[in-house]
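The stops below are given in the order in which to select them.

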Amino acid sequence: MPSEDLRAYSDIVIDHFQHPRNAGVLDDANAVGEDRNPVCGDHMRLMLRIEDDAIREARFQTRGCPAAIATSSMATVVLTNMHIDDAAALKRQDFVDAVGGLPKAKIHCSVLAAAALKRALTDYRERAGAGRSE
């Protein structure tokens, strides 16, 4: 991507795009959520390890533009050590704010993180429910 295209982004977006945090597979994840934008093709997989109702570790795999990668990276930073109820209350705007804003045409990238998080928390609750004996 030409550097001139990066000028529309905050320093936080550029930093998380160039130096993503927590990228890769989380082998002991007990919550996994994915989201894909069918229009632009961006795809995010969010993996969480939840213990005692708190997200102890978060990792991501994202294919997409700088904004998608940066918001995915920042999401893992924000989520680490967060109580699952607080995580469940996060909205896409929280992810936009965490990276210092996004150009209007890239706001949709924040939806990946918010949707993948919701799916991961649903996955966690379903797994926990399946483990209960009636």
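Select T62 and S72: their side chains are joined by a polar contact of 2.8 Å (a pair of N or O atoms within 3.5 Å, where, within protein, one must be able to donate a hydrogen and the other to accept it, and residues adjacent in sequence count only if both atoms are side-chain atoms). This is a predicted model, in which local features need pLDDT of at least 70 and side-chain atom pairs count only at pLDDT 80 or more, while totals for chains, interfaces and linings use all residues. Residues are numbered from 1 along each chain as its sequence is written, and side-chain values use heavy atoms, with hydrogens and water left out.

Stay on T62, which lies in strand β3, residues 54-63 (strands are DSSP runs of E, at least two residues, and helices runs of H or I, at least four, numbered from the N terminus). T62 counts as buried because its relative accessibility is 16% (buried is under 20% relative accessible area, exposed over 50%, partly exposed in between, with a 1.4 Å probe and protein chains only). Leaving aside neighbours within four places in sequence, show H43, M44, A68, I69 and S72, which T62 contacts (heavy atoms within 4.5 Å).

Next, select helix α2, residues 11-18, and helix α3, residues 66-79: their axes come within 8 Å and cross at roughly 85 degrees (lines fitted to C-alpha atoms over the stretch in contact, with angles from 0 to 180 degrees between N-to-C directions). On the α2 side, the contact is made by I12, V13, H16 and F17.

Finally, select the cysteines. The structure holds zero disulfides (pairs of cysteine sulfur atoms within 2.5 Å). For C109, the nearest cysteine sulfur is that of C65, 3.5 Å away. C109 counts as buried, at 1% relative accessibility.
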